[in-house]
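This report covers a metal site and a pair of helices. Look through the sequence and the structure before reading on.

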Amino acid sequence: MSGEAVQPLEEACDAFVSWLDRRVVAAGRGDGLDRLDVAPAETFWLGRLTCEDEVRKGTGDSRAERLDPCAIGIRCRPAEAPPWSMTVTVRARAWLKDPKDGPDPDRRWWRTGPVEEKVSVVASADGGTFGAEQLRDAFAAVGAPGLTAEVRVDVEDWHQDTELVVQLVNTSPERSRELTDPHLYETQLEVAGLTTTPFQLEALPDSFRYHRDVPAYGINVGVEVPAPGVFRSSDTTTVQTVRPDYWNSSRSEPTLSFEQLAADPVPELTALVDALEAYDHAHWSSSVLAARETAEGWTPDMRAEADKAAADVFAELDRLRTGLKLLETNRDVRRAFQLMNKAIGLSTKERGYDAWRPFQVGFLLSAIRFLAEPADDAKFVDTVWFATGGGKTETYLGLLLTTAFFDRLTGKRTGVTAWSRFPLRLLSLQQTQRFADALAGAELVRRDAVARRVADVKGAPFSLGFLVGQAGTPNKIVPRPEGDEIGPDSPGVPDKYRVLLHCPFCRDENLRMKFDRQRWKLEHHCTNTRCPWRRGALPVYIVDQEIFRFLPTVVVGTLDKAAAIGLQQAMRGLVGPPQKICSLDWHGFTYATRSKTPNGCLVPDCQGTLKPLPMPAERFAPSLRLQDELHLLRDSLGAVNSHYESLLDYLQQELSGRHAKIVASSATLIGYDRQVEALYRREGRVFPQPGPRSGESFWTVRRAEKLRRFVAVAPRGVTLEHVSDRTLDALQHSVRRLVDEPSVVCAEAGIDPRYIDELLSRYGTNVVYGSTLYDIEAAGRSLGSNSTVDGINVEQLTGQTDFDEVRGILERLEKPEEEFADRIHVIAASSMLSHGVDIDRLNTMVMLGLPLTTAEFIQTTARVGRRHPGLVYVLHKIGRERDAQTFRHFDKYVRQGDRFVDAIPITRRSRRVLALTLPGLVSARTLMVHEPASRQRLSSPATLRQYVRDAELTPDVEAAAVAELLGLDGPEDSLHRQQIVEWLRDWFADLEDPGTTARFISEIGDPSPMRSLRDVEAQAPIHD
Ligand SMILES: [Zn+2]
Ligand SMILES: [Zn+2]
């Protein structure tokens, strides 16, 4: 044994997290304090019990009882018949107030010594009360005469099996001469000597994967089992999760480095698929399932679930085999895959990894069939289920670059390969940057391959488009802006539209924004003279119209932008071919003519002529549509989006004769099939399939290293805001002690002093997370005014935070100031944080109440502890039924979160939503189908009217086309079809009305086409 063994850093982090948690719990209970200047009942939120009289006096509902309980208890199932004997240990303290002339007039409240009593209980079938005298005497003995409590045993025999409820009840009188405070503090209850049988969690789907035993339930507390047969109450429920390992096979792990796969992917990937096959047979064959069925007492339903899961697992194996076969036999697929690996290797060089995790490359193998069989494979939506852990974005990017290279190899020289959509307004800048970095890597590889003639990937440079709402970047830049239009000299142009954090080619942060009048482009320039790009403006387009002009390889954007397809004819570049290309340099593709763009070129006052497209028109259609965080497409937003997805599919089919492949990511599998059917009218497939047991599959297995420590808190007697303030205060106070009294803290926490700076950085910034803006703002404000620690710097990250500010905050978080005092100490954040904010320094979080959905809980908490052990306080709004339920099952909720995820409520058959989407659908058909067919401009009611007459269009014909596009053609959809016909009759009447005031076709009919998919009241429930 060597006394000088160096403590590993991760161990120090873990020890520090445990210590922080002890400090916070101590602050909540009042441990270690002997005197106070304020009433203890106004500040402590754990371990306290009010008196029973107080609760009785109230409304008497269970909600009030949970908010300020008079009892804590343990519910269990006795294994034997009554009488039941057990030893119940009660621990508690009291607080008393001295008179004004007491020994410490500034801090008149003082704490008594501990009471610890072992009460012998022998309960009959009727239960009973025990230990009242013993406890009364014990309180008197520590100096708190008048306090009383008892152990109460209730027998509930109306359940399937008899249940015992053993409680510690505070029976003290509400008022008495002797007592200054009738509360009990630092209470604990322990039951020993009773033989019990565990509860079984009620059967949910796929129960065969889970341990369903629950030894006992707590009442207003958590339950620990410190030794067999002993149940002890705990003030908080702590659940420690561990990091996954990404290889779970007895075979040796293949080399999945980017370099290896770029050189020769087949041997290593063959080893991967062989190992998967061996695992699947070892865990999913019917003889294995039969053995588990017997050993684990499965019901027939559970066995049926397991058989179905096994079938899905073997189908997944087949898909991987197919992908592997393609790499062996299809030269273009293999070449594209190799070039992609080279590009990803280049773009991640400085991110600290050089290889795929097996599940990432497994997904790629399972998905690449669509390259070879695009029409057939487009019938399926392939989804990365990312409950398995990080790496989702890289997985996407791998697929995206493979597709981009494959497109080039098969003759697509320009145009959009993929349109990637994110559900929130603030598609994060970090996320965008990762796309830009990957494309830059791909462009360097492409250029090199062309120069060395190793692959025919000629064409336009790979480029990125950033397509978000007006609030983020401009739709267009006009020479003479009016109203809220933007011109080259408008305030903030060009600097405020900077989107990139650094140059994707060389990582240099000194980017310069520029508006080039000649080319009419808003540009990012790298100022590093040694940058490998060397071609002027970076290939990144952030103005909508530039995206239409240049049709970048990958367009990233927010979901709501799909609405533009019903308003803006140049959006057709995202579903099919543009019309022509302008003869002038850097003018780009052209579209239908309008009064301001008389020749169809989108550059103002263009004098160029039109040239034919440089490649066959049908190749312009994007190969891929990516949908990030599919589970957020629910309720009304999901319903509206489902109609626009159908519109995109329809237009792409009309304009180019092909369907895009859809690939998505999701946090949940519950209701997934139905959701995909509703959104896309396609069949869903998920990768990876969940494993044979919870938390374990071929792709992941738990290992020892700590991931997150979740602490459930049910605040008692004080407000949630108070608890959040005090918790953050305790965290900040404790972390600052590392600076003020390092040796004391290191000894207390058991950490090596060499890690002080690291720990200060990793645990010095706390996140407080709220589901509502109100909660977040309140948290930020009160923290400033109520803290015992000076100088807490609070910043907010919400949907309301400006672009610029977000960038500044992220920068400060990633590269903290030298002095601790100057850093950000608390981030008050909304769900905006949960999407793509990846900061390794965020390792502590306080959640203000459970988020509305389990998916949000999973995703939000994943923001902390990304690389180092994390600590998450979940403050339950314990008055709410749902929070109370979750508190009771907190362990299962955290460990089996994926099955607590609520099914996604979504339908495409809402008539209210149809009323909103119809105008855009009709307008899009006019712009992109009728106008090209008419061979003239249909932008005014007059020309459109003439065309409608010439082409003999009728409401019924147009309605039939719209209903078919939406798939509302079944017998159950007759009301929907009626609604469409009626709306179109009005639209036609409006068009024919000689007195119409409409100047543009979008003004015909009511309402106008949606401007954003968010126009719908977000998240309002929608029904068929
Ligand atoms: Zn550069
Ligand atoms: Zn032009």
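## The zinc site

C601 is buried, at 1% relative accessibility (buried means under 20% relative accessible area, exposed over 50%, partly exposed in between, with a 1.4 Å probe and protein chains only). H587 is buried too, with a relative accessible area of 6%. The model is predicted: local features need pLDDT of at least 70, side-chain atom pairs count only at pLDDT 80 or more, and totals for chains, interfaces and linings use all residues. Residues are numbered from 1 along each chain as its sequence is written, chains are lettered from A and ligands numbered from 1 in the order written, and side-chain values use heavy atoms, without hydrogens and water.

C582 (SG), H587 (ND1), C601 (SG) and C606 (SG) coordinate the zinc ion (ligand 2) at 2.1 to 2.3 Å. Donors are N, O and S atoms within 2.8 Å of the metal (3.2 Å for Na, K and Ca); water is not among the atoms, so sites may look incomplete. Along the chain, the donors have the spacing C-x4-H-x13-C-x4-C. H587 lies in the loop between β25 (580-582) and β26 (589-590), and C601 in the loop between β26 and β27 (610-611), so the pair ties together parts that are 14 residues apart in sequence. Strands (E, at least two residues) and helices (H or I, at least four) are DSSP runs, numbered from the N terminus.

## Two helices

The axes of helix α27 (residues 911-934) and helix α29 (residues 955-966) come within 11 Å and cross at roughly 110°. Axes are lines fitted to C-alpha atoms, for helices over the stretch in contact, and angles run from 0 to 180 degrees between N-to-C directions.
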